[in-house]
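Subject: Structure handover

Hello,

Here is the structure for your files. My notes on salt bridges and strand pairing follow below it.

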Amino acid sequence: MSCVSTGVRQVKQGSGTRHQILLALAPPMVALGMQWALWFWLKPLVFVLFYPAVFVSSWIGGWRGGLAGTALSVMLVWYFFEPPQLSFVIEEPRMLLGLGVFSGVGLLFAVLHEKLRAANEELVAAHESIQRSEARMSNIVSSAMDAIISVDSDQIIVLFNTAAESMFRCSAAEALNQPLDRFIPQRFREAHKKHVKGFGQTSHTSRSMRSLGTLSGVRANGDEFPIEASISHAEVAGQKTYTVILRDITERKEAEEALRASEEEFRASFYSAAVGKAQVDPHTGRYLRVNAKLCEITGYSEEELLRKTFVELTHPEDQANDKVAHERLTRGDVSGISLEKRYVGKDGRIVWVNVSTSLIRDEGGHPLRTLAVIQDITARREAEEALRESEARFTKVFRSNPGAICITTMQDGRFIEVNEHYCQLFDLTREELIGQTSVKLALWDDPATRTMLMKRLQAHELVRDYETRFRRKNGGLIDAVISMELIDFSDEQEPVVVSMFADITERKQAKAKISRLNAELEQRVIERTAQLEAVNVELSSSRAELQSLFESLPGLYLVLTPGFTIVAASDAYLKATLATREGILGRGLFEVLPDNPDDPAADGVSNLRASLERVLHNATADTMAIQKYDVRRPDGTFEEHYWSPVNSPLLDADGRVRHIIHRVEEVTEYVRYKQRPAQDDAALNARLQQMEAEVFQSSQKMQAANKLLEAANKELESFSYSVSHDLRAPLRAMDGFSRAVLEDYGPQLPEEGRRYLQIIRSNTQKMGELIDDLLTFSRLSRAPLNKQKIDPRMLVQSALDELGSQREGRQIDLRIESLPECEGDPTLLKQVWVNLLSNALKYSRKRETAVIEIGCRTEDGINAYFVRDNGAGFDMRYAHKLFGVFQRLHRAEDYEGTGVGLAIVQRVIHRHGGRVWAESVMDQGATFHFTLEEEPPS
């Protein structure tokens, strides 16, 4: 019977499927009509109404109906709504991608609905099986109750009805007068004793029926079978009678076993399913049963889920839709619902799921339980979102790319997509380009070039930075660099070519102009270089002439710094003081001219110092009275001398004392004559008067010479400063334009042209460094001294930090000894340390391990700081050139530099009243010493 009904149902389903497939084609046609009517508002959402249509087709016709609806929808969208409309022409590659995604979604709808329908049918079949089993059990029980056996007090059968005959396969004649034990084993006696215990002896009394539970019966052939027994007791005329009513429960036991097996099978299918499954109370929404997959999807344990409702798991934004769908299902509006929504897992993470829900009802049509099949679709949704984001990024990058880009077909060069910059480059609109070809629009100046490039692409060769010429819409020519790449989709789609263009029209026009400017620039550099060399020669000549003029003056002159250090001396002064120029330059005045230690009354040093201090304080000349100041001979003895000193200030532009001109007249002979007793010697008196006149005239000449020297110095400084500033502007222009040419047009220039520009830049920068050093040297003479207490170690560390780039990547043994405090200008002294340490690092560069020592030695109470290295050293024969401006003892190819650094060091040290000198051995390093005060502290 079951097989027949199953066959009939299958036949009906097969017949219904053909009708359902035809019916499933209706939703796409309805979507076509609605979208065609609303197309003005729905552009460009070509699939917006067809997704619901495919969903409905899948619901109506299962996977066959969904597949038919998807295929029909693809054809309708392709023909009616994808550009060009009313055509099956493929215009854009992304159109195929959209159709492919739509087809995949439709197929997914069909498969999911088919699985949902199969699951529903399985549940209905299981429910029907259970109902049939219950009905069969009811029939068996009712028929089994007809078996009645009566026995006497000795349990001898006195009644054996027809039902009992059928049950035990024994006739009544064979059963009567037989003990009941023949049909019911000994266990019946035990049950019987319990039942009759306590029964009264009153005659004509019957007892109610009592159940003896489940017993085992034995048929005539010896087979045992399960029975349910009930017994009643009665007494008639003192005769006890027992009536046993028996029910054969064999079929019921078998049905119960089958039901248990079915339940176990259902539970196994339910709990081991690869998708999440749940049974839900349709009234409260609380979970009744969940499987492990649902626990895995939500992150909750089975116990936690059974305490929740399905709404609690749903994302708040989806709960309203979830409730509406459940109400429709409960009302019977639909037989099943498939819904995509979000679950909120235990850890708060969002999980996208597809929930297919069906409702199981009882025989009265009342909701019994809801069965939900939950599939985790998070990965699919993330993939779809990533695809949408990728498409959006591609569109944004493509359209916003600063270069001109187009995508064309490989076969005929038809434009598929262009960006705004491409349209601007060719002065065409996107509508004029899409669907046309570059050949038809005559964009290639030489069409053969395109043919050649296409052949290279077909041979899987990349086209990079190919320079060619194109034409704009108005016929104007464009010089451009084009890069092309062939993209093969490895399927039936036609390969496309992605082309990028860079307009180099202005660059090529500028290239010729740059070449002309380079030639002009090179000529200007040559001219400026010649001018600078001439200026340097003139400057050196002027300095030499000024120095020679000063040294050859007939008067006795010294030039002192504000710290009383000797920086210049006339030949006449050296002769009068029995000194040499090398012996006194750079040394302190009072170190060179001390008081006679053998003369307790000697006060030359104190008087001269007081006069010089007045000059520094008042910035005016100070004339001293005739002063006894003995001169030290080369053998160390002192010779008596008398002098008439005048100390005059040499002021800078700010009115501060820059130098002091110490001019003296030797009046030893005059004083000695004056000290003789008065005589009436007319010749002697005349000689004295003549000497006084000569002293006065010499003083006048000296003052004039001082003014001349001061004017010459100012003129020389002004000349140096003006020349340096005038040359900086054209040098900056040459360097800037050369750099601009290299940066903007370097790749288009030949290698030789780039090398020439690098040479120009290198020499321009070198000339700029020379000018900067010259300005620095010039400023040192005018900058005021800001003396204060200084920790030299801090200056050394600051200088080393500033020279960090010269120390990188080198192995340097740096030794810094104790450096006592000093007094001086921190800014200027830091420059001294920077220059000396820079030289030490530079000239020890070729050593595997550079050794640089920084320390201080104290002699006669004077601190002499030093910097020692193990570098190249120098020949001491040329030591006198070390501190000259632009003087170098090494080739520029071996060691870079301008030759001004040590000159700056000497000027700073002289301004501080100290001196600087160097010691060296060739290829064994050099040591530079300097002091700041030549007199030991009192």
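Arg 614 is partly exposed, with a relative accessible area of 37%; partly exposed means between the cut-offs for buried, under 20% relative accessible area, and exposed, over 50% (1.4 Å probe, protein chains only). Its salt-bridge partner is Asp 622, and the closest N and O atoms of the two are 3.0 Å apart. Asp 622 is buried, at 14% relative accessible area. A salt bridge here is a side-chain nitrogen of Lys or Arg within 4 Å of a carboxyl oxygen of Asp or Glu.

Before you go further: this is a predicted model, in which local features need pLDDT of at least 70 and side-chain atom pairs count only at pLDDT 80 or more, while totals for chains, interfaces and linings use all residues. Residues are numbered from 1 along each chain as its sequence is written, and side-chain values use heavy atoms, with hydrogens and water left out.

Salt bridges

By the rule above, the count is 29 salt bridges. One of them joins Arg 469 to Asp 479, with 3.1 Å between the closest N and O atoms. This pair links distant parts of the chain, 10 residues apart: Arg 469 is in strand E13 (residues 463-471) and Asp 479 in strand E14 (residues 477-487). Strands (E, at least two residues) are DSSP runs, numbered from the N terminus. Arg 469 is partly exposed at 34% relative accessible area, whereas Asp 479 counts as buried at 13%.

Glu 853 and Arg 868 form another salt bridge, their closest N and O atoms lying 3.6 Å apart. Glu 853 belongs to strand E27 (residues 850-859) and Arg 868 to strand E28 (residues 862-869), so the bridge ties together parts 15 residues apart in sequence. Arg 868 is partly exposed, with a relative accessible area of 27%. There is also a network, in which salt bridges that share partners join Glu 340, Arg 380, Arg 381 and Glu 384.

Strand E23

How many of the 10 residues of strand E23 are buried? Nine are, so-called mostly covered, in a strand that spans residues 657-666. E23 pairs in the antiparallel sense with strand E22 (residues 642-651) over nine bridges; two strands pair if DSSP finds at least two bridges between them. Within that pairing, Ser 648 has Ile 661 of E23 as its bridge partner. Strand E16 (residues 556-560) also pairs with E23 in the antiparallel sense, over five bridges. There, Leu 558 stands opposite His 662 of E23.

Regards

Definitions and conventions
Helices (H or I, at least four residues) and strands (E, at least two) are DSSP runs, numbered from the N terminus.
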